[in-house]
Amino acid sequence: MTYQEFLVDMEDPIKRITDGINAVGIMTMGLAQVKDPYADGFYAIWNYLVDAEQYFQEQLADCLNAK
């Protein structure tokens with residue numbers, strides 16, 4: 001398996017991670033709507049995960065584009 005094939009094979013696990021991050025975001029919005037005291041903490045986690053995922057996607061794209 002080549003390096004690029006390995007990176008392409010990572011697409012499915014990455015999609016599952018993205019889905020989990022989206023689920024945390026939806027939960028966070030629901031908690032904020034009902035004014036739950038834990039909403040801010042979940043928002044901080046969600047924001048951190050979104051930033052980490054974006055950075056990871058950028059790094060993955062750089063790897064896929066490298067020759």
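Let me start with Glu53, which touches Thr18 and Ile21 once residues up to four places away in sequence are set aside. Before I go on, please keep in mind that this is a predicted model.

So where is Glu53? It sits in helix α3. What I'd like you to notice is that Glu53 is buried yet has no salt bridge. The nearest side chain of opposite charge belongs to Lys15, and that is 8.8 Å away. A salt bridge here needs nitrogen and oxygen within 4 Å, so at 8.8 Å Lys15 does not pair with Glu53.

Leaving out neighbours within four places in sequence, Thr18 is in contact with Glu53 and Gln57.

Let's stay with α2 for a moment. Which residues of this helix are buried? They are Ile14, Thr18, Ile21, Gly25, Thr28 and Leu31.

On to the charged residues of α2. How many salt bridges does the model have? The count comes to two.

One of them joins Arg16 to Asp12, with the closest N and O atoms 2.9 Å apart. Both residues lie in α2, which runs over residues 11-33, and they are four residues apart, about one turn of the helix. As for solvent, Arg16 is exposed, with a relative accessible area of 54%, while Asp12 is partly exposed at 46%.

The other salt bridge is between Lys15 and Asp19, whose closest N and O atoms are 2.8 Å apart. Here too we are in helix α2, with four residues, or about one helical turn, separating Lys15 and Asp19. Lys15 is partly exposed, at 48% relative accessible area, and Asp19 is partly exposed as well, at 36%.

Next, the aromatics. A search of the whole structure finds one aromatic pair. The rings of Tyr43 and Trp46 have their centres 5.9 Å apart and their planes at 80 degrees, so the pair is edge-to-face. Tyr43 and Trp46 are both in helix α3, residues 39-65, and lie three residues apart, about one turn of the helix. Tyr43 is partly exposed, with a relative accessible area of 44%.

Last stop: the loop between α2 and α3, where we find Lys35. Most residues other than glycine have a negative phi. Lys35 is not a glycine, and yet its phi is positive, about 60 degrees. You can find this residue just after α2. Is Lys35 buried or exposed? It is exposed, with a relative accessible area of 72%.

That's my tour, and I'm happy to go back to any of these residues on screen. Thanks, everyone!

Methods. Residues numbered from 1 in each chain as written. Predicted model: local features only at pLDDT ≥ 70, side-chain atom pairs only at ≥ 80, totals over all residues. Heavy atoms only, no water. Helix = DSSP H or I, 4+ residues; strand = E, 2+ residues; numbered from the N terminus. Buried < 20%, exposed > 50% of the residue type's maximum accessible area, 1.4 Å probe, protein only. Phe/Tyr/Trp six-rings, centres within 6.5 Å; stacked < 30°, edge-to-face > 60°. Contact = heavy atoms within 4.5 Å. Lys, Arg positive; Asp, Glu negative; His and termini not counted.
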